[in-house]
Amino acid sequence: MERSAPARREVVIPGDLLDGHGLKPGSGTFNEGGRIYAARLGIVSERDGLVSVTPLSGRYIPRSQDVVIGKVMDLGPSHWLVDINSPYPAPLNAKETPWMVEFGDTERYLHVGDVLLAEIVSVDEAMRVQLSMADRQFGRLSGGQIVQISPAKVPRLIGRQGSMIGLIRDFTQVRMFVGQNGMIWLDGDADGVRHTANAIRLVEDRGHLPGLTDAVREYLERAYGRSASTPTEVDDDGRR
Amino acid sequence: MGDVEHIPKELKLIDESGVRLDGRRYDELRPIRIEAGVLKKADGSAYIEWGNNKVLAAVYGPREAHPRHLQDPAKALVQCRYNMAPFSVTERKRPGPDRRSVEISKVISEAFASVVFVEQFPRTSVDIFIEVLQADAGTRCAGLTAASVALADAGIPMRDLVTSCASGKIGGVVALDLNKDEDNFGEADCPMAIVPRTGEIVLLQMDGHLTVDEFERAMDLSIVATKGIYELQRDALRRRYSAMAEQAMEAPPPPPIPSELPPPPDMPEDELPEVDDL
C-alpha cells in the first residue's frame, strides 16, 4: 500500500513513504528497497541532505553530548549510578568529576538522592552510557526542586535560541536548568518557582498547539500583572 | 457459554438473501471507532470500539527489562499482556491469566516483535497491555489493532502499523468479522494480522475447519478489510497529533544545541550555581 509522499512538516505515521528525492535516511526513518519510510510518529524535516522524523512522543534515549539532570541512585567504590529518566542506568565515574576521589571514598562527595547536572560523554552500541561532571558548568544541584516533562517537549520549552526559557526567566527570576531528558531544576522565591512550574506545565500540555509562546506570555503577564521586558522593575510589594 | 441459548435451533446465521443476524452482508465489518492517547500516565495508549467489543491498550517503554535475566543484550523484548475483565462477558470470567489469554498474549507479542525496531533498544522491554472491557468475539483482533495505535502513540520506532481482522465460516458461507453468536455457532473462525504496507502476515490462527479454497477466500476477505481498518488507525493518530505540525512550523524542533541551554554559571564545589545572565 504505497501512498503519495506527504508534504514537508506534515505529521507522519510509522510506515509512511517519505519523499526522498536523492536524500539519505536520517533519524526516525528507515530504508527498504531503496525507498525511505517513517519509522516513528513525528514531523518530517529535511536538513543536511537527510530526511528525518522528529518524534512527538517517546522515552528519553541517551545521546552523546546531551546535558541532563539526574538523581544519584547508588554508590560504587569508584562511581555513582545516576537515574537519568531513561531505560538505561548512567554511571558517573569518579574520574569524571572535578574532585580527586579516592577509591572507596565516593560517599564523601555525592549521596543517594543528590541531584546533578551532567553531560553524557559517550553512548556505545550496547547503549552503555558514560556521564561526566568534569566541566565547571556541571555539578551537584542543591536546594531547589525538580519538574519533569516529556523529553519530546524539551525543544519547545527551550524555544528558538532559548527564547521560551528567556521569557519565563524574564518574569519569574528563578534559576533554571533544563536537561534534555525532560528533568528541570528550579530554584528561586516561592512565587517565582510556582509560576515557572505552571508555565512549564503549560508547555507540556499545550506544546502541540500553535501560539504556545503567546499562551505562556499571557499566563505570566496575568500572574505578574505587567508586560514582558521589564523584569527588574520593582513591583507593588517592593520586591525585585 | 450460558449466553447463547437464546438462539433457536432453526435460526440461520445467514439467510437465503445473504443477510446475517445483525443485518450485515458476508463481507461487511462491524462499526469501528479508534481513539489514540486516552491514558495520561502510559507512554502510549488507544481505545477501540469494534462492534460490541470495547478494548483498551496501553504501551510502556522502552524501559529497563525486569527480571534482569530476561534482558537481551542485542535487542528489546516485546512483552504483551492480554487480559479480559471479569465483567467483559455475561458469565463472570474468572480473573487472571488462563490458557487462552497466555496464548493470545504470546502470539500478539510475536506479531509486534516482527515490526518494532527492537535492535535500537538493547536490554530494554516494550510492554503492551491489552484490557478487554467488553467482549463480543474478535477481541484479539481489536486488541492488536488498538495496541498498534498505542505503540505508534508511544513513539516506538516500527516498520508499519499492524492491522488485524478475522473471518470465518457461518452457515456454509465464508464471512468477515464474526460476532459472538456467529463465532459460537459457526463452523470456523480465522483471525489474522497483517503489515498493510508489505502485506506480510504476522499472526494467523484458525479455530474450526476450512477447506483450502475457503481458507483462501477468508484470507482475501480479511486482507481487503484490513485496508479500511488501517485508515481508521492512521486517522486516530492524525487526529491526536495534527495540531502539533502547525506548532512545529513556528519553531522547528532542533536537536539539542549546547548554546540553547541556559548559559552555565560558575559553580564552585558544593555551592549553588549563580545565574547572573539576566
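I began with spacing: the C-alpha centres of domain 2 of chain A and domain 3 of chain A are 26 Å apart. A reminder to myself that this is a predicted model.

Next I looked up who takes part in the contact. I found nine residues from domain 2 of chain A and eight residues from domain 3 of chain A. I then turned to the side of domain 2 of chain A that touches domain 3 of chain A. Strand E8 (67–75) and strand E11 (115–123) of chain A each give at least two residues to that side. The largest share, three residues, is from E8(A). I also sorted that side of domain 2 of chain A by class, and noted seven nonpolar, two polar and no charged residues.

For bookkeeping, I wrote down the domain assignment of chain A: domain 1 is 11–55, domain 2 is 67–141 and domain 3 is 145–224.

My second stop was helix H3 (residues 190–206) of chain A. I counted 17 residues in H3 and a reach of 24 Å from first C-alpha to last, close to the 24 Å expected at 1.5 Å a residue.

Which residues of H3(A) are buried? My list reads A:Gly192, A:His195, A:Thr196, A:Ala199, A:Ile200 and A:Val203. Looking down the axis of H3(A), I saw these buried residues fall within an arc of 140°, so they line one face of the helix.

Last, I checked what the buried residues of H3(A) pack against. In chain A, the partners are strands E14 (145–148), E15 (175–178) and E16 (183–187), together with helices H1 (154–158), H2 (163–172) and H4 (212–224).

Terms used. Residues are numbered from 1 along each chain as its sequence is written. Chains are lettered from A and ligands numbered from 1 in the order in which they are written. This is a predicted model: local features need pLDDT of at least 70, side-chain atom pairs count only at pLDDT 80 or more; totals for chains, interfaces and linings use all residues. Domain bounds come from an automatic or database domain assignment. Two residues are in contact if their C-beta atoms, placed from the backbone, lie within 7 Å. Helices (H or I, at least four residues) and strands (E, at least two) are DSSP runs, numbered from the N terminus. Ala, Val, Leu, Ile, Met, Phe, Trp, Tyr, Cys and Pro count as nonpolar, Asp, Glu, Lys and Arg as charged, and the others, Gly among them, as polar. The expected span of a helix is 1.5 Å times one less than its number of residues. A residue is buried if 20 or more other C-beta atoms lie within 10 Å of its own, exposed if 12 or fewer, and partly exposed in between; C-beta atoms are placed from the backbone. The arc is that of the directions from the helix axis to the C-beta atoms.
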